[in-house]
Amino acid sequence: MKQLMVFVRKEFYHVFRDTRTLLIMFGIPIAQILLFGFALTSDVKNAEIIVADHAQDINTKQITDKIEASGYFLVKKANISTRGIETAFRKGGLKCAVIFPSRFGADLLHNGKAQVQIIADGSDPNTAKTLINYLTAILMDYQQQSGTASALPYSIVTETRMLYNENANGSLNFVPGVLALVLMIVCTALTSVAVVREKESGTMEILLVSPFKPVMVLIAKAIPFLAMSIANFTLILLLSVYVLNISIQGSLLLLYIESILFIITCLSLGLLISNTTNSQQTALLISMMGMMMPTLIFTGFMFPLENMPWIFQMVANIIPARWYFLIVKAIMLKGLGFAYVWKETLVLAGMTVLLLTIALKNFKTRLS
């Protein structure tokens, strides 16, 4: 143990003297969590729309005020024709248009119903559907508040609730995925590069002929990155709670234990990559670029796995980040305990043992 601690201390010196390693370890996670939390969100805000109010009555003004107060739209009031609206869409920037007919208030008062035309830019179908849903919800809410629904022979009132996300915070969808992405790429890349660097500099021969066991060399290489990855995970949690306003619903201790298990999985994969490469560029290419796309696509936080063909769903099962993503969602967002994540934990532990065994067995004690 004394020899091990000496090697671990040496590795910490190497890490803290390398500014590029520190930048990758702590700079990339901060940038990604802020980028995914604020910029890459599924919510639509400040969408520019035109409200063409041909009625100019109290009802249309109240609805327009509700649209403006929602915070989702930048409302531009204009009494223009349908051709003028089409011209505004062609110029770009306009996302949606709401058109009130001239007899809107009279139809609502006498007939108990009135028509509103909503025109959206279908070149971006996801945004168009979201904006139409927002406007439809505002119109339904106004109908319920004004009491006009009572004039209809039947009235169906729908009450919705967002489980595990009462405030519809879009960042909740990205934080577990960013955790899996950051830990997967950073831990794997830094561990693989740390071993390959010794090969390139020619110091690996010195380490192998030392009284220290070759297997302990790999363990000493991994321990500093394990400690720094735990610190990295803590930093991401602090940013999520205090910057993105995400509360941790489940056990913090269980979340840490599962995260440490996933970090060890990533470190084992990094050691395996280091055994098959002889240059830092190759190790970075495999660990960062090679692991980024599978993690983004097959984890499930950006693209639903259920929509993919079955062959890709099978491929997703061999990606460690997929199982960690499910664990973080269950603990952090749903507040579930170990009884609900033991299967995913068992799969992740099996992957860790398999990767670590292959990495240690393939470690070459003789360099050619």
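Trainee: What should I know about the ground rules?
Mentor: This is a predicted model, so local features need pLDDT of at least 70 and side-chain atom pairs count only at pLDDT 80 or more, while totals for chains, interfaces and linings use all residues. Residues are numbered from 1 along each chain as its sequence is written, and side-chain values use heavy atoms, with hydrogens and water left out.

Trainee: Aromatics, then. How many aromatic pairs are there by the rule?
Mentor: Seven aromatic pairs. The rule takes rings of Phe, Tyr and Trp (its six-membered ring) with centres within 6.5 Å; planes under 30 degrees apart are stacked, over 60 edge-to-face, and the rest tilted. One of them is Tyr-72 with Phe-73, an edge-to-face pair. Their centres are 6.4 Å apart, with 75 degrees between the planes.

Trainee: Is Phe-73 buried or exposed?
Mentor: Phe-73 is buried, at 4% relative accessibility. Buried means under 20% relative accessible area, exposed over 50%, and partly exposed in between (1.4 Å probe, protein chains only). Tyr-72 is partly exposed, at 30%.

Trainee: How are the rings of Tyr-72 and Tyr-134 arranged?
Mentor: They are stacked, because the centres are 4.1 Å apart and the planes sit at 20 degrees.

Trainee: Which parts of the chain does that pair tie together?
Mentor: Tyr-72 is in the loop between α3 (58-69) and β2 (73-77), and Tyr-134 is in helix α6 (residues 125-146). So the pair joins parts that are 62 residues apart in sequence. Helices (H or I, at least four residues) and strands (E, at least two) are DSSP runs, numbered from the N terminus. Tyr-134 is buried, at 17% relative accessibility. Tyr-72, Phe-73 and Tyr-134 make up one aromatic cluster.

Trainee: What lies over the face of Trp-323?
Mentor: Arg-322, at 5.0 Å from the ring centre. The test is NZ of Lys or CZ of Arg within 6 Å of the ring centre and within 35 degrees of the ring normal.

Trainee: New topic. How many salt bridges?
Mentor: Two salt bridges. The criterion is a side-chain nitrogen of Lys or Arg within 4 Å of a carboxyl oxygen of Asp or Glu. Asp-141 and Lys-66 form one, at 2.9 Å, N to O. This pair links distant parts of the chain: Asp-141 is in helix α6 and Lys-66 in helix α3, 75 residues apart. Asp-141 is partly exposed at 30%, and Lys-66 is partly exposed at 24%.

Trainee: And what is the N to O distance for Glu-68 and Lys-77?
Mentor: 4.0 Å. Glu-68 is partly exposed, at 37%. Lys-77 is exposed, at 55%.

Trainee: Last one. Which residues make the nonpolar surface patch of about 630 Å²?
Mentor: Trp-310, Ile-311, Phe-312, Met-314, Val-315 and Ile-318. Patch residues have over 30% relative accessible area and no salt bridge; like charges are joined within 9 Å, nonpolar side chains (Val, Leu, Ile, Met, Phe, Trp, Tyr) within 5 Å. Areas come from the Shrake-Rupley method with a 1.4 Å probe; for residues, only the protein chains shown count as cover. Ile-318 sits in the loop between α12 (310-316) and α13 (320-333). Ile-318 is exposed, at 59%.
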